[in-house]
Amino acid sequence: MINFLGIGSAFNTQLGNNSAYIKKEKYFILFDCGSTVFGRLRSLNLIDDVSELYIIITHTHPDHIGSLGELVFYSYYIKNLRPKILFPDKNLIDVILGSMGVRTNFYEVLSSVDTVIKNNDFNMEVSFRKCSHVDSIPSYGVLFKLDGSTLYYSGDSNSISNFVLEGLEKGSIDFLYQDTCGIDYSENPHFYLGRLAKLIKPELRHKVYCMHIDPEFNRDEALELGFNVVEAVK
Ligand SMILES: [Zn+2]
Ligand SMILES: [Zn+2]
């Protein structure tokens, strides 16, 4: 359902900052805009023919918003469009972008926890769910519905809520894209693969996609366990 520009954790830069997108005719929906993302969008020419840009932000760590300023500037000056940034805290986005010299009239923040966008071409629902990652900034997972399919995009999170587990079980969530790491320690802000295997029943694992992977993540082990591992577009 979604494609990935990068699949790495913050310091796993050779895999690119974790970021996903959906391109539908003139519409482009981006999940997070970390430091490597604007460069990937440009080198893949993904936004050349885009006239509506939605940017869903899960939290404000640099590997999730590091190139947001560049993308907004480019959209405004070169593409002549105002991106819609979806994030529940408008003030936080305005402060961060404002400190980079990005004016508030260059973009629009859709700060509702639940946003529905309906037009002739698509029907999108975005619902933010608070998740547990770090104490210093708010972090969200995103329940995302597009044209009849539902996915949950975890953002960075060291837990998976019952709401998501039940959704997978009952079929109300078709795909889970989950921050998964190969390193395990107490106070880990990410979700360890071994815990994922304990939590997700084998028969549901084909719906689960590991993303935001760290250098210690063992791809073969994840696949053997029955999970998917996302791959970035070439
Ligand atoms: Zn991250
Ligand atoms: Zn983070």
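Tyr 153 touches Ile 2, Phe 4, Asn 18, Ser 19, Ala 20, Phe 31, Asp 32, Thr 58, Gly 141, Val 142, Tyr 177 and Met 211, leaving aside residues up to four places away in sequence; contact here means heavy atoms within 4.5 Å. This is a predicted model, in which local features need pLDDT of at least 70 and side-chain atom pairs count only at pLDDT 80 or more, while totals for chains, interfaces and linings use all residues. Residues are numbered from 1 along each chain as its sequence is written, chains are lettered from A and ligands numbered from 1 in the order in which they are written, and side-chain values use heavy atoms, with hydrogens and water left out.

Together with Leu 30 and Phe 144, Tyr 153 touches the most other members of the largest nonpolar core, which has 76 residues. Such a core is a set of buried Ala, Val, Leu, Ile, Met, Phe, Trp, Tyr and Cys residues joined through side-chain atoms within 4.5 Å. Buried means under 20% relative accessible area, exposed over 50%, and partly exposed in between (1.4 Å probe, protein chains only).

Now let's visit the metal site. Which residues hold the zinc ion (ligand 2) as protein donors? They are His 59 (NE2), His 61 (ND1), His 133 (NE2) and Asp 156 (OD), lying 2.1 to 2.4 Å from the ion. Donors are N, O and S atoms within 2.8 Å of the metal (3.2 Å for Na, K and Ca), and sites may look incomplete because water is not among the atoms. Asp 156 coordinates the zinc ion (ligand 1) as well, and the two zinc ions are 3.5 Å apart. His 59 counts as buried because its relative accessibility is 0%, whereas His 61, at 22%, counts as partly exposed. Thr 60 is found in the loop between strand E4 (52-56) and helix H2 (62-65); helices (H or I, at least four residues) and strands (E, at least two) are DSSP runs, numbered from the N terminus. Thr 60 is buried, at 12% relative accessibility.

Finally, look for the charged pairs. The structure holds five salt bridges, each a side-chain nitrogen of Lys or Arg within 4 Å of a carboxyl oxygen of Asp or Glu. One of them joins Asp 147 and Lys 24 (3.1 Å, N to O). Asp 147 sits in the loop between strands E9 (140-146) and E10 (149-153) and Lys 24 in strand E2, so this pair ties together parts that are 123 residues apart in sequence.
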